[in-house]
Amino acid sequence: MTAHRKLTPGKLIIASHNQGKVREIQALLAPFGIEPVSAAELDLPEPEETGTTFAENALLKAHASAQEGDCVALSDDSGLCVAALNGAPGVYTADWAEADQYEGGPGRDWYMAMGKVEGKLAELGPDTPRNAYFACTLALAWPDGHAEVFEGRVSGNLVWPPRGQMGFGYDPVFQPVGFDQTFAELEPQQKHDMSHRADAFQKLVAASF
Ligand code: IMP
């Protein structure tokens, strides 16, 4: 087994332009003496996500930021996988939200995206299972090309209509197993204690600190 490379205190680029993800990753990193700076703050370009797996896309983003920013970089590729839709939207979760018109121009309309998932489940009939999971792959990349990948999941059920104001993306329709609230109704700390991102992050912490 090859040894994991350790993270040392100092600057780390969060290779994401998604404010929701950046906020959650900053909160998860807070106890570790890391100084996170986002790719958006550094004006680093976002590479095209051409991979067909979460890991491929996470590695694309982490390597791009590590090279451009000449610093260790952490990326997150994540998505919602719905059992009855054969795992869709999966790696295409963000694409399902792309809208030509959203708040006056092209943008990501999460309400529309949640409606698309719900519409597809409705087409399959009222007895369609509503279980789904969020998947998160975190990739760490260093400027010398070394990289490490950590994967996490959280299982739940999809509810309709959407509920709650916290979180981001598909949180208002995702009710984790064992809870009556959706991710968007839970306090951020409760989500951080159990989310797919937290699951992947725990593996990263065990390997990297
Ligand atoms: P990507 O990783 O940039 O391809 O985007 C994945 C998309 O999955 C995000 O833009 C979110 O909409 C969705 N997603 C990932 N993690 C979460 C989460 O914790 N809550 C809600 N939606 C999420």
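The legends below describe close-up views of a predicted model. Local features are reported only at pLDDT of at least 70 and side-chain atom pairs only at pLDDT 80 or more, whereas totals for chains, interfaces and linings use all residues. Residues are numbered from 1 along each chain as its sequence is written, and side-chain values use heavy atoms, with hydrogens and water left out.

View 1. A polar contact here is a pair of N or O atoms within 3.5 Å. A polar side-chain atom of Asp171 lies 2.6 Å from a nitrogen atom of the ligand.

**View 2. The shell around the ligand.** The shell holds 19 residues, each with a heavy atom within 4 Å of the ligand. Lys21, Ser78, Trp110, Asp171 and Lys191 come nearest. By class, the shell has eight charged residues (Asp, Glu, Lys and Arg), five nonpolar residues (Ala, Val, Leu, Ile, Met, Phe, Trp, Tyr, Cys and Pro) and six polar residues (the others, Gly among them). Strand E3 (73-82) and helix H5 (196-208) are the elements that give two or more residues to the shell, and E3 provides the largest share, four residues. Helices (H or I, at least four residues) and strands (E, at least two) are DSSP runs, numbered from the N terminus.

**View 3. The loop between E3 and E4.** Both Pro89 and Asn86 are found in the loop between E3 and strand E4 (98-102). A cis peptide bond joins Ala88 and Pro89, with omega about -5 degrees. Asn86, although not a glycine, has a positive phi of about 55 degrees. Asn86 has a relative accessible area of 77% and is therefore exposed (over 50%).

View 4. Pro161 is placed in the loop between strand E7 (147-158) and strand E8 (174-176). The peptide bond from Trp160 to Pro161 is cis, with omega near 5 degrees. Most peptide bonds are trans.

**View 5. The positive phi of Asp43.** Asp43 is found in the loop between strand E2 (34-38) and helix H2 (54-69). Its phi is positive, about 60 degrees, although Asp43 is not a glycine. Most residues other than glycine have a negative phi. Asp43 counts as exposed because its relative accessibility is 68%.

Notes
A polar contact is a pair of N or O atoms within 3.5 Å; within protein, one must be able to donate a hydrogen and the other to accept it, and residues adjacent in sequence count only if both atoms are side-chain atoms. Buried means under 20% relative accessible area, exposed over 50%, partly exposed in between (1.4 Å probe, protein chains only).
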